[in-house]
Amino acid sequence: MKKTFLQLLTLTLLAGCSADQPRTPQQVLAQPWAQVENAGRQQPVSMVMWQGDPLINRYMTGYVKPEMKRRYGIDLQLAAGQGAGLVQTLAAEQAAGQHSEADVVWINGETFYQLRQVDALLGPFVDKLPNARYLDLQNSFINTDFQQPVAGMECPWGNVQFTVIYDSARVSRPPRSFAELPAYVRAHPGQFTIPNEFTGMTLLKSWMISLSDNPALFQGKFDEAVYRKWSGELWRVLNASKPYFWKQGRTFPEQLAPLHQLFANGEVAFTFSCNDAEVDNKRNQGVFPATARAYVPAPGTIQNSHYLGIVRGARHPEAALLLVNFLISPEAQLKKMDPNVWGDHTVLNLAALPAAQRRQFEQLPTRRYAPRRETIQNLALPEPDPEYMTRLFKDFRTEVLEK
Amino acid sequence: MALDIRRFFSTTLLGGYGLLVLGLPLAGLGYALLGSLGLAGPLAAGFTPRYWLALGANAGLLYSALFSTWVALVSVGVSVALALSLVLRAQPTLRRWPLPGLLYVPLLLPALVLAFCLFQLLSGAGWLARLSYGLEWIGSPADFPELVQDSAGLGIILAQVLLTFPFLTLLLQAIYQESRLDELRQLSSTLGASAGQFRGRVAVPLLLRRAAPTLLLNFIATLGAYDVPLLLGRPHPQMLSVFVATRQQFDLRELPMGYLAGFLVALGLLALIGILIKLTRRHAL
Amino acid sequence: MHSRLLIGLLMLLFGLPFGLLGLLALAQGWHFPQALPPAYSLAALRTLGAADSELLAGLGRSLLLAGTVALLATAGGFGVARAVARSRWSRQWEAASYLPYALPPVLLATLVQPFIIRLQLSGSGGGVVLGLLLVALPFATLLLRSFWSVQAREYEQLARTLGCSARQAFGRVLLPLAWPLLRTTLFQTFLLAWFDFGLTNVLSVGKVRTLTVQVFSYVGEANTALAAVASLLLVLPPALLLGLNRTALWRRPG
């Protein structure tokens with residue numbers, strides 16, 4: 001009896017494995033663009049993305065999805081997923097030698113690094129895209145993702161800088177630098193907390209770099225000694241201020257949206273965003289009070305880009321290429337940059353655009369509550385190696401959260 | 001001949017059933033074990049006892065298990081106490097409109113929805129806090145007592161109790177009627193026993209004994225609860241299911257640790273299920 | 001007096017979530033410390049009317065998934081329960097049925113996920129159905145096990161001696177006899193699949209956006225109005241079932 005089970009189990013598993021193999025990246029990318037366009041039409045394409053923001057979701061479902069349908073007859077399907085969970089799924093599909101459930105993935109930093117480690121990305125493909133000629137690939141904040149050269153394996157999609165958001169009705173003089181932050185928190189208890197997720201970790205990275213007073217230390221590969229020294233300093237500062245955090249620092253929000261809600265309800269006076277224009281879009285939606293403002297504390301915060309990758313085992317690689325090409329088109333980038341739509345800064349080099357289109361970018365409804373890009377560009381820090389983020393996330397739990 | 005075919009059909013059916021309900025979970029358990037030893041999974045690099053050894057240094061799993069046990073014990077305990085007191089003390093009300101129907105209402109709510117409602121009701125800026133502000137009992141959300149995402153798991157316990165106690169009341173009430181406890185009560189009072197004696201020595205032991213398998217099943221379900229603690233719990237301490245499911249958020253290299261946690265938790269729960277099966281046998285159907 | 005107090009208290013306790021969901025679904029810009037929404041809007045409810053409504057699609061998906069699971073589990077469970085009743089290892093089979101049914105669904109999902117991926121079912125409705133059947137089928141088997149008693153067997157034999165064919169005996173005698181229990185099993189397995197969030201979310205890799213998955217993602221993006229509408233949609237079918245048949249909502253296995 002037991003033997004039959006085992007045989008049956010093996011049979012089922014074998015049946016699952018014998019399906020058709022994906023084509024190699026070379027085969028896919030060898031096609032001329034016209035052929036890509038033909039093969040991609042009328043296909044479904046599945047994109048895996050972080051779905052934690054209603055405006056971003058609306059941009060994708062309300063604008064990109066119908067446009068893809070209209071232009072190419074492509075049926076865009078969106079799925080939630082990010083980080084190691086995404087890498088795990090793609091790696092398992094890759095190991096089984098089968099097609100992936102995902103075609104396009106929205107990634108950066110450590111996810112890009114891990115996906116390259118398990119060789120789950122198709123590429124280099126960026127050169128292939130007709131709209132790639134507009135990309136600002138000379139900009140080191142765009143061509144380098146967490147110290148890794150992008151090398152055509154992922155396509156830039158948007159560029160953002162970390163900002164601190166505060167309620168000017170409750171905070172008349174916010175701390176202008178990371179150095180002033182602990183004293184401020186001590187004088188105004190219960191108003192500050194750190195979200196235990198991506199945005200919070202970006203805050204911690206910026207804070208750690210500011211403690212070192214030497215951003216150059218965090219360039220290049222992960223350095224254990226540098227990390228130990230300055231993360232140790234960071235935990236010391238955080239733990240000393242912790243009793244003055246929201247709920248006496250006994251707990252921290254697990255996601256960004258709940259922190260935004262705490263901010264909207266006046267439970268805390270500060271929230272954060274990895275997107276410098278988010279204060280405008282949240283304010284326009286009526287989620288944040290009219291008195292919400294954003295700024296970049298000295299000596300600066302992290303500016304990074306986010307990217308689109310194509311999965312090596314994608315079922316519809318041509319449709320995926322068409323989608324990415326559309327997402328970096330001047331129209332789609334312009335729409336995305338509008339604070340009323342999303343407010344994500346473009347990755348295009350405006351100088352390379354035709355004059356009419358350049359003007360449209362320059363005449364966008366200006367940000368009213370966020371700092372202007374020109375004023376924060378000199379306060380931009382490059383992303384350090386992804387390992388810093390991974391370690392901070394792990395150690396924040398053991399050194400601060402669980403203490 | 002016909003009998004043989006039927007026998008063959010029945011064996012195949014059972015074989016397929018076994019493959020699904022035993023084969024797949026056990027294969028998963030085996031895979032998790034291999035994963036925790038570095039022998040399976042996306043970044044597997046060959047045998048290593050590293051993750052098992054690291055378990056000693058990492059109290060996270062143990063702490064999670066203790067916290068889950070606490071939540072499950074209190075939730076089931078409070079639910080049983082509530083259900084027992086309703087069944088034993090409010091018998092006439094239980095039989096009258098609208099009570100039996102009313103008790104079905106919480107069964108309409110998925111755990112996730114109940115958790116969402118409780119958060120909206122009980123958080124620092126929730127509806128009760130707003131009423132308290134209106135009544136000038138509190139001056140800001142920070143003054144409102146921590147009822148959800150608190151360190152003792154009060155919010156989770158409350159949600160679990162709301163989900164469990166109406167169900168248990170219905171269960172105990174059914175047993176009460178099946179076992180003709182009302183007649184027994186009258187009999188024992190004729191024989192001179194007080195109402196308290198009847199409840200303590202006859203009714204409670206009988207009800208609890210007959211409900212024991214369901215209670216244990218409920219206990220196991222609460223131990224492994226996921227939806228409620230996901231919304232009403234804290235990042236620390238976490239309940240077991242959340243702990244296992246969030247082990248792999250940032251770093252793929254943490255995955256073997258996730259496999260290990262999953263393996264151990266599943267093993268622990270299986271031991272409890274073993275006890276459950278013994279219990280069911282003893283108080284067979 | 002005592003009894004009215006109790007009833008009032010329970011009504012308040014159980015009614016509160018529904019009232020709150022209704023308010024949240026209609027509220028606009030409702031922040032602390034306002035006890036009632038400053039403005040009402042039908043915007044969230046109106047999304048239901050849109051042609052490409054994600055919520056309506058979710059409702060359809062949930063209904064389809066839960067319906068499929070209920071049918072497969074009940075039909076399968078009826079057959080398996082019969083085979084279990086007649087097996088030499090009847091007790092062992094019963095014990096085995098508790099294994100997947102008692103493990104937490106999320107844990108079960110994480111354990112079987114590597115195999116679901118190999119079967120090329122990851123992220124598909126089929127994978128979710130298979131995962132849910134892992135729980136629903138043993139549950140149905142345990143529920144229906146009690147039907148296949150010696151008595152049922154005797155009825156079947158009696159029908160056969162009186163000249164019924166095997167099919168007639170099944171269709172005219174056994175099925176009507178089992179119908180009340182089968183109906184309960186259908187409802188119960190439907191609800192089991194309908195209420196599930198963890199297993200679906202893990203096995204579907206976020207792609208099969210059922211109503212519970214949507215509730216969770218709307219809560220995650222702090223979109224309370226849509227989360228409330230999705231929650232109300234989730235409560236609807238069980239409420240209908242409650243109206244149809246009260247006992248269908250509640251039954252212990254074994």
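Leaving aside neighbours within four places in sequence, Ala115(B) is in contact with Ala159(B), Asp227(B), Val228(B), Leu231(B) and Leu232(B). Two residues count as in contact if their C-beta atoms, placed from the backbone, lie within 7 Å. The model is predicted: local features need pLDDT of at least 70 and side-chain atom pairs pLDDT 80 or more, while totals for chains, interfaces and linings use all residues. Residues are numbered from 1 along each chain as its sequence is written, and chains are lettered from A and ligands numbered from 1 in the order in which they are written.

**Nonpolar cores**

Ala115(B) is among the residues with the most contacts inside the largest nonpolar core, together with Leu323(A), Val324(A), Ala136(C) and Val215(C). That core has 217 residues. A second, separate core has 56 residues, including Ile209(A), Phe218(A), Phe270(A) and Ala222(C). A nonpolar core is a set of buried Ala, Val, Leu, Ile, Met, Phe, Trp, Tyr and Cys residues joined through C-beta atoms within 7 Å. A residue is buried if 20 or more other C-beta atoms lie within 10 Å of its own, exposed if 12 or fewer, and partly exposed in between.

**Gly224(B)**

Gly224(B) lies in the loop between α10 (195-223) and α11 (227-232) of chain B. Gly224(B) counts as buried because 25 other C-beta atoms lie within 10 Å. Ser241(B) is 17 residues from Gly224(B) in sequence, with 5.5 Å between their C-alpha atoms. Not counting residues up to four places away in sequence, Gly224(B) touches Leu240(B), Ser241(B) and Leu269(B), as well as Pro104(C) and Leu107(C) of chain C. Helices (H or I, at least four residues) and strands (E, at least two) are DSSP runs, numbered from the N terminus.

Chain C has eleven helices and two strands, in the order α-β-β-α-α-α-α-α-α-α-α-α-α from the N terminus. Its C-alpha atoms fill a box of roughly 75 × 60 × 35 Å along the principal axes. Of the 254 residues in chain C, 50% are buried. Among contacts in chain C with a separation of 6 or more, 69% are between residues 24 or more positions apart.

The contact between chains C and B takes 62 residues from chain C and 67 residues from chain B. On the chain C side, at least two residues each come from α1 (2-26), α3 (54-86), α4 (90-102), α5 (105-118), α6 (125-145), α10 (211-220) and α11 (224-244). The largest share, eleven residues, comes from α1(C). By class, this side of chain C has 48 nonpolar, eleven polar and three charged residues. Ala, Val, Leu, Ile, Met, Phe, Trp, Tyr, Cys and Pro count as nonpolar, Asp, Glu, Lys and Arg as charged, and the others, Gly among them, as polar.

Chain B also meets chain A, with 21 residues of chain B in contact with 29 residues of chain A. Helix α1 (residues 2-36) of chain B gives the most to the chain B side, with five residues. That side divides into ten nonpolar, nine polar and two charged residues.

**Domains and strands of chain A**

Chain A is divided into domain 1 (22-160 + 304-373) and domain 2 (161-303 + 376-401), with bounds from an automatic or database domain assignment. Their centres, taken over C-alpha atoms, are separated by 27 Å. The contact between them takes 23 residues from domain 1 and 33 residues from domain 2. Helix α6(A) gives the most to the domain 1 side, with three residues. By class, the domain 1 side has ten nonpolar, eight polar and five charged residues.

Strand β10 (residues 301-310) of chain A is mostly covered, with ten of its ten residues buried. Two strands pair if DSSP finds at least two bridges between them. The table gives pairings in chain A.

| Strands | Bridges | Sense |
|---|---|---|
| β3(A) and β10(A) | four bridges | antiparallel |
| β6(A) and β10(A) | six bridges | antiparallel |
| β10(A) and β11(A) | two bridges | parallel |
| β7(A) and β8(A) | four bridges | antiparallel |

In β10(A), Tyr307(A) stands opposite Ile107(A), and Leu308(A) is the bridge partner of Cys155(A). Thr301(A) has Ala380(A) in β11(A) as its bridge partner.

An open sheet of three strands has the order β8-β7-β9 (chain A), with antiparallel pairing. Its edge strands, β8 (270-273) and β9 (292-295), each pair on one side only. Within β8(A), Phe272(A) is the bridge partner of Val164(A).
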